[in-house]
Amino acid sequence: MPAFTRLSPPSQGTAIRFEGGHPVVPDEPVIPFIRGDGTGVDIWPATRRVLDAAVQAAYGGGRRIQWFKIYAGDEACQRYGDFQYLPEDTLTAIRQYGIAIKGPLTTPVGGGIRSLNVTLRQLFDLYCCVRPCRYYAGTPSPHRHPEELDVVVYRENTEDIYIGVEWAADDPVGQELLRHLNETVIPANGKLGKRQLRPGSGLGIKPVSKMGTQRHVRRAIRHALGLEGRKRHVTLVHKGNIMKFTEGAFRDWGYELATTEFRAVCVTERESWVLDNLAKDPQLSVESNARAIDPGYDNLTPAKQEVICEEVGAILDSISESHGQDRWRRMVMVDDRIADSVFQQLQTRPGEYSVLATLNLNGDYISDAAAAIVGGLGMAPGANIGDDAAIFEATHGTAPKHAGLDRINPGSLILSGQMMLEFLGWHEAAALVNHGIGQAIANRCVTYDLARMMDPPVDPPLKCSEFADAIIHHFPQH
């Protein structure tokens, strides 16, 4: 067992271990929790009560969670000393027990400590941030039809500009790098012309790797394989039209994975067009098929037309037997969309999307935008998953002005706990939480953030602790 300086793990329970990226879960797992800063003092007790009640209702005494309190953020500084925001005890506990859950942690804007959330993701290589956004009937929303949105955002966690390799505008190392770029790198690249980086610029590096991309997209595709019908759909979201060798590579590597490792169970959007055209007209020529999938075909040069015809011919030669005759309709559809277009289409055509696989920055924006449609960050759960560990978390901030008032919505952390139960394979308990929170909202048993937006407003709204009680009350067996 690992040595802790100021922690005492539970005397009962067993550590979760990972095999092949999947958790092996005992009936009495030890799960570390970080209460969180600010309103963590309110939302964590409410969440723990709901999760314990769901496990007890689902399994009697056959399963239970042995909770292990660990520390991060301001509470860690109180226990371990100034500036000990992420003590080694906490890292040891997560490493030993595999799965943890946490409330919100403070991160200052600009100077000060770096994001503890980002640090945890990078230290444990939690490369997938998973953010479901689904609507619970009765939740107030600015959208006319929020029930049409039911997506899961898979946000890559460890690359892109969030990796934190950056230099301030007055950093001597950064300025030396800027001079090297201006004097050596840019002139050597004939495509960049005479452009120069402005003196006094801050600099950041945006790395995107094939390995990082494909392990992330692999989890997104596996998630889609567990869905049914039209929900078996993965969209690669990117800005490859501008950042061709990072975001564009993310798109290309995602397609490569889908059409090699997952060839038997995946079809790309363009492949589906070709197969569908042939199913409608078995006598269709390759050239006519090419013209049908590319409306601008007749305006292309002969060389470009030939490229499209070769693409169509290759599709028919390789998968017409395995994927044709509508077999592809039962497979996972993989397509791609430009990131800014997805922002719009989540508003105008939300029902067309299911699993969105994104890089780090785009995923941050898109997951919050999608959450706004279904009730806001107070109802938005999150998980950070790697091959050897997973951390489930509230996705909102600490809201210190509400701390200790027993009024904040604990929904984000409770639903993150529900995701954790599903990840454990405890689907019966997870279903109870999902049903309970849905019925509580449908019956207008809500905290102030939702209560004030309902028509008519709920007065008085429930307290944070009372919302937890309402969820438990609406478990099916009550």
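Hi everyone! Let me start with what I mean by a ring pair: rings of Phe, Tyr and Trp (its six-membered ring) pair if their centres lie within 6.5 Å. Keep in mind that this is a predicted model.

With that in hand, here is a cluster to find on your screens: ring pairs link Phe4, Phe68 and Tyr97. Across the whole structure, the search turns up 9 aromatic pairs. Let me walk you through two of them.

First up, Tyr59 and Trp426. What kind of pair do these rings make? Their centres are 5.8 Å apart and their planes meet at 70 degrees, so we call the pair edge-to-face. Tyr59 belongs to helix H1, while Trp426 sits in the loop between helix H13 and helix H14, so this pair ties together parts that are 367 residues apart in sequence. Are these residues buried or exposed? Tyr59 is buried, at 16% relative accessible area, and Trp426 is buried too, at 2%.

Phe68 is in strand E4 and Tyr97 is in helix H3, so here the linked parts are 29 residues apart in sequence. Phe68 counts as buried at 2% relative accessibility, and Tyr97 is buried at 3%.

Finally, rings can have charged neighbours. Elsewhere, Arg407 lies over the face of Tyr448, 4.0 Å from the ring centre.

Technical notes:
Residues numbered from 1 in each chain as written. Predicted model: local features only at pLDDT ≥ 70, side-chain atom pairs only at ≥ 80, totals over all residues. Heavy atoms only, no water. Phe/Tyr/Trp six-rings, centres within 6.5 Å; stacked < 30°, edge-to-face > 60°. Helix = DSSP H or I, 4+ residues; strand = E, 2+ residues; numbered from the N terminus. Buried < 20%, exposed > 50% of the residue type's maximum accessible area, 1.4 Å probe, protein only. Lys NZ or Arg CZ within 6 Å of the ring centre and 35° of its normal.
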